Amino acid sequence: PLQSAPQLVELLLTLMATPGSAVDVERAIDGAIRFKHDITESGRTALDQGWRAGPDNGGYTFGAHTLARTLAAPWLSCLGDASWGENVYHEDHQRSGVRDVSLTGRTHVRLREVSMAIQSPITQSLSTPTTNDGSLTLGVLRERLRTTQGAPAFWSDVDTAAFRIAPEEYSAIETIRFSTVGRAIAADVLRIAGHQSQWEILPCKPGIAWHDRAPKPALAKGVPGSMLEALPESSISDPWLDRSKLSRQAQLTTLWSLLLPHHRELHAAHAFPLVAVTLDWDDSIFGQLILSLGEGREVTSPVAASALACALAARRIEHRCAAIDAVVELATYGLLDGAELGRQISQLFTQGQVVVGSRIATALAEAGRALGPRSGPVLDAHIPLLPVLCQRRDGHAFAETTADLATSLGRRIVLPPELAELAGGHASSALARAVRRIPKPI
């Protein structure tokens with residue numbers, strides 16, 4: 001945590017200029033609330049200058065300002081007099097605020113409410129994580145609730161705290177019910193724990209997106225559980241598709257992984273439309289999502305597998321390397337469902353989402369070599385792809401890796417009819433030669 005107001009000013013100025021890490025963002029949020037009365041006149045002047053030096057300083061609208069400028073807003077004389085302190089969670093459970101079911105809008109609401117909290121009696125963020133992965137331990141939350149008992153809390157702090165509690169601590173959640181805010185957080189945790197997602201992939205404009213068909217539980221006295229929703233229309237609104245704004249939006253996407261440290265599937269669902277749309281851009285900004293996929297504690301779901309498939313096809317080599325690392329990490333700990341990854345790659349092929357399959361083929365081959373005798377899940381990922389290889393110019397690359405992995409692992413593969421016919425014929429194409437190398441049942 002930050003130790004002084006000058007450190008806070010320095011960090012905010014740094015974040016205004018360049019996208020920072022998610023941990024730095026959380027440090028800024030925590031420091032903005034704790035040191036809100038300690039910003040000196042020289043600090044305010046420095047923040048004013050940082051604001052004016054940044055892009056799009058004409059209007060205070062989402063999509064035109066970075067999160068650091070949002071946090072710094074209460075101290076900026078260049079914005080004039082603004083009312084920041086009304087939208088907080090009081091003892092009577094009254095809430096107000098902007099509802100946006102996308103994680104983008106949800107992140108923005110949280111940052112705006114922190115700015116409001118700076119002008120209110122709130123003295124601490126209840127949801128500040130206790131570890132670098134975004135987790136909040138129940139013991140620390142319990143102590144914060146005791147310290148701030150009777151004080152208001154901004155409403156997004158309540159459900160952010162609920163999502164940061166690890167599932168293994170859910171059984172002890174009743175221990176925070178001694179305060180009004182604690183009871184609201186405990187109720188949210190129980191609703192989150194009881195929610196069973198039913199994911200389906202839907203077309204949207206542009207591309208495709210995941211949507212949860214299951215009814216969403218209302219969080220904290222009737223406020224919609226926006227983080228449990230991932231609607232295509234909200235996830236890829238126009239600001240996200242404006243390349244000129246991507247560098248500024250990168251700070252928001254950086255924050256996502258720490259908002260949902262124990263819900264990687266939900267994180268992937270919210271981010272997937274952005275990933276699918278920007279995977280072939282040089283300035284794509286989904287690197288943090290790729291890294292977080294490899295940190296999951298559960299077997300890869302269809303949603304996470306589809307995001308990982310897109311990452312394997314990314315244009316930027318650093319993103320593909322991060323995807324390879326995620327595959328290796330998940331496979332090493334037995335968490336990679338290779339067959340599901342293959343199904344999602346095949347689905348992306350058939351829907352025209354991935355046009356450079358050779359990137360995926362090369363990335364999977366690298367992952368297989370890195371895993372060695374533990375590369376079974378990578379071979380499993382190739383099996384669902386076999387039926388579509390005849391229709392792809394890069395099909396031979398997948399067939400070569402299938403042959404290499406099956407041979408090294410001592411496995412025999414049943415070929416689909418079209419490949420079996422090709423293997424038994426006299427064709428001399430690269431695909432035919434590769435298919436003949438695949439070990440087959442005797």
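Local features need pLDDT of at least 70 and side-chain atom pairs count only at pLDDT 80 or more, while totals for chains, interfaces and linings use all residues. Residues are numbered from 1 along each chain as its sequence is written, and side-chain values use heavy atoms, with hydrogens and water left out.

**Helix H19**
- H19 covers residues 395–409, and its 15 residues reach 21 Å from first C-alpha to last, close to the 21 Å expected at 1.5 Å times one less than the number of residues.
- Just after H19, Gly-410 adopts a positive phi of about 70°.

**His-382**
- His-382 lies in helix H18 and is buried, its relative accessible area being 0%.
- Leaving aside residues up to four places away in sequence, His-382 touches Leu-364, Phe-398, Thr-401, Thr-402 and Leu-405, a contact being heavy atoms within 4.5 Å.

**Confidence**
- The mean pLDDT (the predictor's confidence in each residue, from 0 to 100) of the protein chain is 78, with 76% of its residues at 70 or more.
- Confidence is highest in H18, at 97, and lowest in strand E4 (residues 223–224), at a mean of 40.
- Residues 57–65 have pLDDT below 50, and this stretch has 25 contacts in the model beyond near neighbours in sequence.
- Where pLDDT is low, the predicted coordinates should not be read in detail.

Technical notes: Helix = DSSP H or I, 4+ residues; strand = E, 2+ residues; numbered from the N terminus. Buried < 20%, exposed > 50% of the residue type's maximum accessible area, 1.4 Å probe, protein only.
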